[in-house]
Amino acid sequence: QVQLVESGGGLVQAGGSLRLSCAASGRTFSSMGWFRQAPGKEREFVAASSRSGGYTYYSDSVKGRFTISRDNAKNTVYLQMNSLKPEDTAVYYCAADVRAYYGGSYYSQSSSYDYWGQGTQVTVSS
């Protein structure tokens, strides 16, 4: 059974930090990333990582504040979120795929990922 399970979401004040985790099971993955969706908005790319973590990609809105990392021994990807803003409030989804991509344009597309988690809510209060 292929499964991605996110955890670590919650309520935090503006300027605070959270670390999201996504534990994958049932299959090994190459590309892994994070997307988010706020009420009334389209799902948007947040961050992604190649298998080794040597290549990472971020949306402009989170660059410098968020950091994606991986622990392949645990088949887990993390998203460290610092300096959180109210605009970061959204459901955060973990995404994974067996394919490796070359170029951030592929990692940032939701269509590049075949597997998705159920999402975890992040709420940033002002």
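Tutor: Start with a term. Buried means under 20% relative accessible area, exposed over 50%, and partly exposed in between (1.4 Å probe, protein chains only). This is a predicted model: local features need pLDDT of at least 70, side-chain atom pairs count only at pLDDT 80 or more, and totals for chains, interfaces and linings use all residues. Residues are numbered from 1 along each chain as its sequence is written, and side-chain values use heavy atoms, with hydrogens and water left out.

Student: How many residues of strand E5 are buried?

Tutor: Strands (E, at least two residues) are DSSP runs, numbered from the N terminus. E5 spans residues 44-49, and five of its six residues are buried.

Student: Which strands pair with E5?

Tutor: Two strands pair if DSSP finds at least two bridges between them. E4 (residues 31-37) runs antiparallel to E5, joined by five bridges. Phe35 has Phe45 in E5 as its bridge partner. E6 (residues 56-58) also pairs with E5 in the antiparallel sense, over three bridges. There, Ser49 is partnered by Thr56.

Student: Which residue takes a positive phi in the hairpin of E4 and E5?

Tutor: Gly40, near 75°, and six residues lie between the strands. In the hairpin of E5 and E6, also with six residues between the strands, Gly53 has a positive phi near 85°.

Student: Is Asn75 buried or exposed?

Tutor: Asn75 is buried, because its relative accessible area is 15%.

Terms used: Helix = DSSP H or I, 4+ residues; strand = E, 2+ residues; numbered from the N terminus.
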